[in-house]
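Hi there,

Here is the structure I promised to pass on to you. Have a look at it first, and then read on for what turned up.

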Amino acid sequence: RCFIMNSKARLAWELYLKMETSGESFSLLQLIANDCYKMGQFYYAAKAFDMLERLDPNPEYWEGKRGAAIGLFQMIIAGREDRQALADIIQILRNTSNPQVEHIVKVMKKWAKDNRVP
């Protein structure tokens with residue numbers, strides 16, 4: 001939580017990756033997902049919600065991932081996030097078999113094409 005509150009979400013994510021799979025690691029993943037979302041660190045929130053969704057098909061995890069992906073997209077458009085993150089977020093979205101995915105990805109790809117993002 002301390003890493004996230006100090007805008008170091010990557011370090012919190014790396015801490016999770018080093019853990020063995022357990023109830024404690026699942027709790028840390030939930031904390032990363034929710035705290036990163038609250039703090040506007042949407043890239044790592046999306047990654048954490050994606051992992052949670054794979055471990056437990058709870059619809060709330062899809063909603064969190066969708067919100068984080070769109071939040072990251074807005075930050076990319078505003079120039080506050082690296083445009084290269086767009087390809088990652090599209091891949092993260094495609095890990096879900098929700099019918100909303102294709103519409104969201106279509107909008108992102110059109111923006112990327114119009115703005116010459118590879």
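Glu53 and Lys65 form a salt bridge through their side chains, with N and O 2.7 Å apart. This is a predicted model, so please keep that in mind as you read. Glu53 sits in helix 4 and Lys65 in helix 5, twelve residues apart, and the pair links distant parts of the chain. How accessible are these two? Glu53 is buried, at a relative accessible area of 15%, and Lys65 is buried too, at 0%. Through shared partners, salt bridges join Asp50, Glu53, Arg54 and Lys65 into one network.

Lys65 also has a salt bridge with Asp50 (2.8 Å, N to O). Here again helix 5 and helix 4 are linked, with Lys65 and Asp50 15 residues apart.

How many salt bridges does a search of the whole structure find? There are eight. Another one of them pairs Asp35 with Arg1, whose closest N and O atoms are 2.7 Å apart. Asp35 belongs to helix 3 and Arg1 to the segment before helix 1, so this pair ties together parts that are 34 residues apart in sequence. Asp35 is buried, with a relative accessible area of 2%, whereas Arg1 is exposed, at 51%.

Now for the nonpolar side. The largest nonpolar core holds 39 residues, and Ile32, Leu86, Ile89, Leu93 and Met108 have the most contacts inside it. Helices 2, 3, 4, 5, 6 and 7 each give two or more residues to this core.

Enjoy exploring!

Notes: Residues numbered from 1 in each chain as written. Predicted model: local features only at pLDDT ≥ 70, side-chain atom pairs only at ≥ 80, totals over all residues. Heavy atoms only, no water. Core = buried A, V, L, I, M, F, W, Y, C linked by side-chain atoms within 4.5 Å. Buried < 20%, exposed > 50% of the residue type's maximum accessible area, 1.4 Å probe, protein only. Helix = DSSP H or I, 4+ residues; strand = E, 2+ residues; numbered from the N terminus. Salt bridge = Lys/Arg side-chain N within 4 Å of Asp/Glu carboxyl O.
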